[in-house]
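I opened the coordinates and kept notes as I went. The entries follow in the order I looked things up.

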Amino acid sequence: MSKFRWLILFGPLVLFAALLIFLLKGLGSDPTELDSALINEPVPQFEASDIYDTQVVYDQSVLKDGPVLMNVWATWCPTCRAEHEFLNELASNGIPIVGLNYKDDSRQKAVNWLNTLGDPYVINLFDPKGKIAFEFGVYGAPETYFIDHKGVIRYRHVGDVNERNWSNKLQGIYQQLVEDAK
Amino acid sequence: MIRSLLLAFTAVLLLIPAAAAENENNYQFDNEQQRTTYQQLTKELRCPKCQNQNIGDSNAPLAEDMRDRSYQMLKEGQSREKIIEFMVARYGDFVHYQPPFTTVTSILWWGPLLIVIIGIGIAVSLTRKKKAAVELTQEERQRLQQLRKSGDE
């Protein structure tokens, strides 16, 4: 009977604490940020032309000499503009970023953007219909994929990459990929 | 005259929604079965961009792409299951309104059952306690009989 007494006395308290933790976790999380379905999957197959020269065609092998980041962007996306300066900075620090231009208004607009704001990308993939992005499960721009040296997607970041989330989280993820490649 | 005008007007009004639904996408289906499957898919696939709408309701460009892809795959002769599998492989379980049964989601099925079982358990234990309280000891029974006797007199 005394066992039950403890249960009756503290059971509700424990339940309350569990509920509190559960709800607090819910408060802090952003429901629009989805986990990618492709985590720990190899990069999907694709063919894409270069944004500057449509005669040049790339395939998924350009993402297999990682670790490499793949950034999904478009000129119609204001957040992409906001993060562009930081991507330039990352590129100047020697971090390879492949750009995937996603359903842009026109190729010329995208090229103008890169010419005026700078081009942080080692390779520029052009995806006017969003076909490649569909294979990656892209649901908005910007998105940044972290791909390891074997061409496996290890992490997806939704939203802009900035100084704060880079130093808080993303740099660590990238460093881990560099370590794994050794 | 007025009556026939009114009648024509009503007929046009009635036809507008049907026409709008057909023109929204110039999809031509091979048969009724395919059309039904398409409509079913647009209802049960969820748009990842505008999270609480299915791809049929959503105007997001991504939902449009997903409708297009569903349509194309149907035309290629792929089944409903194959199309759902295709979408889930790219956009995750999130994209289908019917979550699969896994260890994580099992709580959705077992949770309510568990709560009902706990409830029945509590109810049973409470009624048992009441019964136990009514049971009297030998002495108490004798005393009760005495009291009853004295009451009769």
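Which residue in E6(A) is the bridge partner of A:Asp50? I looked it up, and the partner is A:Leu125. The model is predicted, so I checked confidence too.

**Entry: the sheet of chain A**

I traced the strands next. Eight strands of chain A form an open sheet. I wrote down the order as E1-E8-E7-E4-E5-E6-E2-E3, with mixed pairing. Strand E1 (41–42) and strand E3 (57–59) of chain A stand at the edges. Each has a single partner strand, so one side of each has no neighbour in the sheet.

I then went through some of the pairings.

- E2(A) and E6(A) run antiparallel and are joined by two bridges.
- Strand E5 (residues 97–102) and strand E6 (residues 123–127) of chain A run parallel, with five bridges between them. I picked out A:Gly99, whose bridge partner in E6(A) is A:Asn124.
- Strand E2 (residues 47–50) of chain A pairs with E3(A) in the antiparallel sense over three bridges. Here A:Ala48 stands opposite A:Tyr58 of E3(A). E2(A) and E3(A) make a hairpin, and six residues lie between them.

Most residues other than glycine have a negative phi, and most peptide bonds are trans. I noted two departures.

The peptide bond from A:Ala141 to A:Pro142 is cis, with omega near -5°. I placed A:Pro142 in the loop between H4 and strand E7 (143–147) of chain A.

A:Asn40 has a positive phi, near 65°, and is not a glycine. I found A:Asn40 in the loop between H1 and E1 of chain A.

**Entry: where chain A meets chain B**

How many residues of chain A are in contact with chain B? I got 18, against 17 residues of chain B. The two chains bury about 1,300 Å² between them. Carbon and sulfur atoms carry 55% of that area. A:Leu34, A:Phe134 and A:Tyr139 give 45% of the area that chain A buries against chain B, more than any other three residues.

I looked at the one in which the side chains of A:Glu135 and B:Arg90 meet, at 2.8 Å, N to O.

Which element of chain A gives the largest share of the side that touches chain B? I found helix H4 (residues 131–136) of chain A, with five residues. By type, that side of chain A divides into 11 nonpolar, three polar and four charged residues.

**Entry: confidence**

I took chain A first. Its average pLDDT is 93, and 99% of the residues score at least 70. Strand E4 (residues 68–73) has the highest mean among the elements of chain A, at 97. Helix H1 (residues 2–28) of chain A has the lowest, at 87.

Chain B has a mean pLDDT of 84, and 80% of its residues reach 70 or more. I flagged residues 18–23 of chain B, where pLDDT stays under 50. The model has one contact beyond four places in sequence for that stretch. Where pLDDT is low, the predicted coordinates should not be read in detail.

Methods:
Residues numbered from 1 in each chain as written. Chains lettered and ligands numbered in written order. Heavy atoms only, no water. Contact = heavy atoms within 4.5 Å. Buried area = accessible area lost by both parts, 1.4 Å probe. Salt bridge = Lys/Arg side-chain N within 4 Å of Asp/Glu carboxyl O. Helix = DSSP H or I, 4+ residues; strand = E, 2+ residues; numbered from the N terminus. Nonpolar A, V, L, I, M, F, W, Y, C, P; charged D, E, K, R; others polar. pLDDT = per-residue confidence, 0-100. Pairing = 2+ DSSP bridges.
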